[in-house]
Amino acid sequence: MPRILGVDLPQDKPTHISLRYIYGIGPTTSLELCHKANVDPQRHARELSDDDISRLATILDKDYTVEGPLRRQLHQNVQRLKEIGCYRGVRHRRGLPVRGQRTRTNARTRKGPRKTVAGKKGVKEQKG
């Protein structure tokens with residue numbers, strides 16, 4: 001099983017699909033990476049030689065921010081927003097949607113499961 005930057009790539013998939021298992025690499029980047037390393041994107045990952053794997057790893061290390069450094073960079077960006085107290089930072093801090101979505105309904109992914117609040121009993125006003 002090929003291992004690049006601490007990630008085990010699946011053997012039974014084409015190389016350009018297997019490379020997507022690395023955090024920070026998507027469809028376009030994986031094809032671009034195969035092209036730069038002169039690796040056939042359709043060839044299965046188990047067929048990669050040690051030379052191919054080392055070329056891929058070298059290009060990834062040199063040209064792209066992936067895995068740990070990328071996660072760290074994203075975390076630092078959010079942390080900076082929280083520290084300066086901007087609107088987006090406050091939304092991150094409170095666990096609410098950051099990009100302008102409505103919160104009266106929906107937004108359950110950010111807000112978590114519903115916290116039911118006991119309402120008042122239906123008190124009917126009596127007339128006259």
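The chain has a radius of gyration of 24 Å, whereas a compact globule of 128 residues would have one near 14 Å; the radius is taken over C-alpha atoms, and the globule rule is 2.2 Å times the number of residues to the power 0.38. The structure is a predicted model, in which local features need pLDDT of at least 70 and side-chain atom pairs count only at pLDDT 80 or more, while totals for chains, interfaces and linings use all residues. Residues are numbered from 1 along each chain as its sequence is written, and side-chain values use heavy atoms, with hydrogens and water left out.

Along its principal axes, the C-alpha trace spans about 90 × 35 × 20 Å. The secondary structure consists of 6 helices and 2 strands, arranged from the N terminus in the order β-β-α-α-α-α-α-α. Helices (H or I, at least four residues) and strands (E, at least two) are DSSP runs, numbered from the N terminus.

The accessible surface of the chain amounts to about 9700 Å², and carbon and sulfur atoms account for 48% of this area. Of the 128 residues, 28% are buried. Here buried means under 20% relative accessible area, exposed over 50%, and partly exposed in between (1.4 Å probe, protein chains only). Among contacts between residues at least 6 apart in sequence, 44% join residues at least 24 apart, a contact being defined by heavy atoms within 4.5 Å.

Helix α1 comprises residues 15–18 and includes histidine 16. Histidine 16 counts as buried because its relative accessibility is 12%. With neighbours within four places in sequence left aside, histidine 16 is in contact with Ser30, Leu31, Cys34, Pro41 and Gln42. Serine 18 also belongs to helix α1 and is buried, since its relative accessibility is 0%. The residues touched by serine 18, not counting those up to four places away in sequence, are Leu9, Pro10, Lys13 and Ala45.

Cysteine 34, one of the contacts of histidine 16, is buried, with a relative accessible area of 0%. Cysteine 86, by contrast, has a relative accessibility of 24% and therefore counts as partly exposed. The structure holds 0 disulfides, a disulfide being a pair of cysteine sulfur atoms within 2.5 Å.

Threonine 65 occupies the loop between α3 (50–63) and α4. This threonine is partly exposed, as its relative accessible area is 43%. Apart from neighbours within four places in sequence, the contacts of threonine 65 are Leu70 and Gln73. Between threonine 65 and tyrosine 21, the separation is 44 residues in sequence and 14 Å in space, C-alpha to C-alpha.

Helix α4 covers residues 67–84 and contains glutamate 67. Glutamate 67 is buried, with a relative accessible area of 16%, and has a positive phi near 55°. Most residues other than glycine have a negative phi. Glutamine 79 also lies in helix α4 and is partly exposed, with a relative accessible area of 30%.

Arginine 108 is found in helix α6 and is partly exposed, with a relative accessible area of 29%. Pro113 and Arg114 are the residues in contact with arginine 108 when neighbours within four places in sequence are left aside. Arginine 108 and alanine 45 are 63 residues apart in sequence, and their C-alpha atoms are 39 Å apart in space; alanine 45 is also one of the residues touched by serine 18.

Conventions: Accessible areas come from the Shrake-Rupley method with a 1.4 Å probe; for residues, only the protein chains shown count as cover.
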